[in-house]
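Subject: Two-chain model, handover and notes

Hello,

Here is the structure for you to look at. My notes on it follow below.

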Amino acid sequence: MNPSLDAVLVLVVLLNFFTLGSSRVSAVIRATGTQGVLLAALPFLVHEPLSTHVVLAGLGTLAVKGIALPWLLMRAMRDVTIRREVEPLIGFTTSLLLGGAGTGLALLFSGGLPLAPEHAESRLVPAAFATVFTGFLVLTTRRKAITQIVGYLILENGIFLFGLLLLDALPVMVELGVLLDLLVGVFVMGIVLHHIQRTFSTIDTARFSTLKE
Amino acid sequence: MNIGPLDCVLVPLAFAILAFVVPSNRLRPLVLPAGALANLAVAIAALADGTRSTAGGWLVLDALGKLVILTVALLFFFCALYAPGYLRVRADRSNRQLCGGLFFQVAMLSLVATSHHLGLLWVALEATTLSSAPLIYFNRTPKALEAAWKYLLICSVGIALALLGSFFLAYASLHGPHSSTLLFDDLVANAASLSKPWLHAAFVTLLVGYGTKMGLAPMHTWKPDAYGEAPGILGAMLAGGVTSGAVIALLRLLAIMHAAGEAGFAQPILVVMGLVSMVFAAVFMVRQKDIKRMLAYSSIEHMGVLILGFGLGGLALFGALLHLICNALTKGILFLATGNLHRAYGSKSTDVVTGALDRVPISASLFLVGFLAITGSPPFGPFVSEFTILRAAFASDHFVAGGLFLVLLMAVFLGMGSTVLLAVHGKAPPETATDAASADTPQLTLPIVGLVLVVTCLGVWLPAAFVQLLEQAAASVEGPR
């Protein structure tokens with residue numbers, strides 16, 4: 001048991017709820033950025049003896065998830081949005097209730113998983129599944145393209161949490177590769193977003209209905 | 001000559017950089033055939049060598065990797081021959097992204113094919129998604145934009161799931177006496193000690209993740225949009241090249257399942273997934289007016305055929321590996337010929353495209369040949385591969401799967417045939433201000449003829465060395481028989 005680790009994980013899960021209940025796009029982006037900064041601290045807390053691997057993973061995460069991605073998204077938002085509300089398909093209360101149910105299920109589900117003995121007490125696994133679930137919820141219930149990118153980032157954050165259990169399997173090269181893909185991905189999404197705004201005068205994906213059977 | 005795995009990646013990467021730095025929009029397309037020829041030469045030279053590994057076992061050039069590299073290189077070679085003629089028609093827009101992006105895509109696919117570290121494989125496969133998305137928007141239409149967005153978002157989310165699945169796989173290895181790893185060879189060697197529940201979870205998650213990237217139903221929704229709006233060359237490379245990258249990722253996973261003695265868990269899932277994809281394709285193919293979207297559903301069907309073959313195993317796996325290359329090259333014929341029809345009529349809907357045999361006889365004939373080949377008519381390659389899978393299904397007493405396979409192939413033949421016949425037969429509409437004459441030029445038809453020759457060759461004569469390569473690749477998945 002590691003009290004500071006648990007504290008950080010609780011904050012990460014609280015930020016999930018904040019994202020689900022918040023109505024302003026800028027607040028949602030800032031919450032994801034804060035989550036990124038918190039995630040950057042986790043490698044240091046999980047893997048006690050300090051190694052270059054841990055330092056690089058932490059700094060890389062801070063640079064990409066904590067700084068670069070929120071900055072890219074904020075810039076994209078200033079570029080494109082006229083109305084800055086989130087515009088969900090379901091109400092905020094319903095979102096929060098679903099998020100709560102998902103987090104509860106994640107806790108129950110993780111309790112039943114055959115975890116390695118050293119992880120049996122860890123809160124990392126339930127936090128990871130709860131965050132992955134939140135990511136999916138945001139992806140599927142928010143109409144604006146920019147909030148869909150945020151959902152994708154939350155999903156990636158959840159996967160990152162699970163990856164913290166596996167220091168040996170993920171050499172620094174691969175970990176940085178994953179971050180680079182994420183950065184380039186959001187960058188390209190930002191460009192596409194810009195074109196969408198110029199072409200359709202909106203980034204509401206509900207307008208995306210010309211291509212269907 | 002000694003060709004290592006890294007050479008297969010670095011050669012196309014060097015040409016990608018060259019394509020980006022060439023300043024002239026008129027000369028840049030010529031880099032494509034030159035680079036594709038060099039890439040093909042490397043891929044063929046690599047065939048002769050044994051298995052070679054570098055970078056501490058991270059990059060290995062094995063039989064399966066060689067097969068995918070050869071498939072991509074052949075397809076890319078003919079697409080690249082076609083490209084200068086096509087880009088001359090599209091001289092009004094910059095082709096820097098398209099030329100550089102295609103080389104980058106090929107380089108990343110080579111990295112996917114040679115990568116024996118599943119984390120690195122993931123990074124490279126995601127890189128193909130990111131590099132393809134801007135290319136889908138090459139034609140700068142609102143529909144292309146919508147398609148690019150859906151492709152980018154759905155494939156990124158799908159592949160994010162694949163990353164989670166890879167982590168599950170690494171976690172499964174934590175339970176044995178060994179430390180957690182994502183090195184393919186270590187996972188296969190220690191497969192017996194992998195934790196079964198985690199291995200099952202990894203299999204399902206990876207199948208959904210990489211299945212999204214392959215375009216298996218029901219995760220296929222991006223495919224008709226992306227293939228429908230992409231330029232013909234890119235459609236061919238997506239349908240034949242990028243899907244092969246996702247296929248090899250799934251084959252590596254299947255090899256681990258076989259080594260762990262869990263084939264009994266994996267194979268029925270694959271068979272069902274394969275048949276479901278074929279059903280989706282057969283249903284949506286009916287009355288499909290848009291030719292390129294029809295090709296996308298055909299691609300979904302053939303991804304289903306591949307997965308079905310993997311699930312049946314044994315001889316069917318051999319057939320499916322042969323089908324991988326046959327399908328890729330035949331998709332090349334269809335997408336490039338459709339590109340010609342599209343330009344000749346200024347439309348890809350059969351409301352406008354009729355009587356193509358009158359308007360553009362060569363392209364329309366090639367399109368018809370491509371249709372016959374992809375639906376499994378002799379004497380083309382897909383006939384042999386599909387027949388092999390069918391024979392294997394009945395020989396291994398999978399009568400239900402084999403029967404459904406046969407019925408679905410017929411249904412797809414009928415559905416696709418009605419659209420194709422509508423396009424090529426009948427009376428052509430009065431000539432509008434399109435460049436019909438330019439569609440049947442040798443530059444835009446000879447590369448397709450080349451593909452037809454290769455696909456016919458695969459149907460009538462398989463070189464012994466190639467059969468051996470396929471057998472080695474199948475053995476690397478299921479273990480020596």
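This is a predicted model: local features need pLDDT of at least 70, side-chain atom pairs count only at pLDDT 80 or more; totals for chains, interfaces and linings use all residues.

B:Arg140 sits in the loop between α5 and α6 (142-174) of chain B. Its backbone is worth a look: phi is positive, about 55 degrees, although the residue is not a glycine.

B:Arg287 is a second case of this kind. It has a positive phi of about 60 degrees and is not a glycine either. B:Arg287 is in the loop between α11 (263-285) and α12 of chain B. With 10 C-beta neighbours inside 10 Å, B:Arg287 is therefore classed as exposed.

Two cis peptide bonds in chain B

One cis peptide bond joins B:Ala217 to B:Pro218, with omega at about 0 degrees. B:Pro218 belongs to the loop between α8 (196-214) and α9 (222-229) of chain B. Another cis bond runs from B:Pro378 to B:Pro379, and its omega is near 5 degrees. B:Pro379 is in the loop between α15 (361-374) and α16 (381-395) of chain B.

The chains one by one

Chain A has seven helices and zero strands, so its pattern along the sequence reads α-α-α-α-α-α-α. Its C-alpha trace spans about 55 × 35 × 35 Å along the principal axes. A compact globule of 213 residues would have a radius of gyration near 17 Å, and the 18 Å of chain A agrees with that. Buried residues account for 45% of the 213 residues of chain A. Of the contacts in chain A between residues at least 6 apart in sequence, 76% join residues at least 24 apart.

Chain B has 20 helices and two strands. The C-alpha trace of chain B spans about 75 × 55 × 45 Å along its principal axes. For 481 residues, a compact globule would have a radius of gyration near 23 Å; chain B has 21 Å, which agrees. In chain B, 64% of the 481 residues are buried. Among the contacts in chain B with a separation of 6 or more, 81% are between residues 24 or more positions apart.

A helix pair inside chain B

Two packed helices are described by the angle between their axes and the distance between the axes. For helix α12 (residues 291-312) and helix α17 (residues 399-424) of chain B, the angle is about 165 degrees and the axes are 11 Å apart. Angles over 145 degrees count as roughly antiparallel, and that is why α12(B) is roughly antiparallel to α17(B). The two helices, α12(B) and α17(B), cross in a left-handed sense. On the α12(B) side the contact involves B:Ile291, B:Met294, B:Ser298, B:Glu301, B:Leu308 and B:Leu312, and on the α17(B) side B:Ala401, B:Phe405, B:Val412, B:Met416, B:Thr419 and B:Ala423. By class, this contact of α12(B) with α17(B) has nine nonpolar, two polar and one charged residues.

Where the chains meet

How many residues does each chain put into the contact? Chain A gives 34 residues and chain B gives 36 residues. On the side of chain A that touches chain B, α5 (124-141), α6 (145-163) and α7 (172-200) each supply at least two residues. The largest share of that side, 13 residues, comes from α7(A). By class, the side of chain A that touches chain B has 23 nonpolar, seven polar and four charged residues.

One helix pair across the contact is α7(A) with helix α5 (residues 118-136) of chain B; their axes come within 9 Å and cross at roughly 15 degrees. Angles under 35 degrees count as roughly parallel, and α7(A) and α5(B) are therefore roughly parallel to each other. The crossing of α7(A) past α5(B) is left-handed. From α7(A), the residues in this contact are A:Val174, A:Gly177, A:Val178, A:Asp181, A:Val184, A:Gly185 and A:Val188. From α5(B), they are B:Gly119, B:Leu120, B:Val123, B:Glu126, B:Ala127, B:Leu130, B:Ala133 and B:Pro134. The contact of α7(A) with α5(B) has 10 nonpolar, three polar and two charged residues.

Regards

Definitions and conventions: Residues are numbered from 1 along each chain as its sequence is written. Chains are lettered from A and ligands numbered from 1 in the order in which they are written. Two residues are in contact if their C-beta atoms, placed from the backbone, lie within 7 Å. Helices (H or I, at least four residues) and strands (E, at least two) are DSSP runs, numbered from the N terminus. Ala, Val, Leu, Ile, Met, Phe, Trp, Tyr, Cys and Pro count as nonpolar, Asp, Glu, Lys and Arg as charged, and the others, Gly among them, as polar. Axes are lines fitted to C-alpha atoms, for helices over the stretch in contact, and angles run from 0 to 180 degrees between N-to-C directions. Angles under 35 degrees count as roughly parallel, over 145 as roughly antiparallel, 65 to 115 as roughly perpendicular and the rest as oblique. A crossing is left-handed if the near helix is turned anticlockwise from the far one by less than a right angle, and right-handed if clockwise. The radius of gyration is taken over C-alpha atoms; the globule rule is 2.2 Å times the number of residues to the power 0.38. A residue is buried if 20 or more other C-beta atoms lie within 10 Å of its own, exposed if 12 or fewer, and partly exposed in between; C-beta atoms are placed from the backbone.
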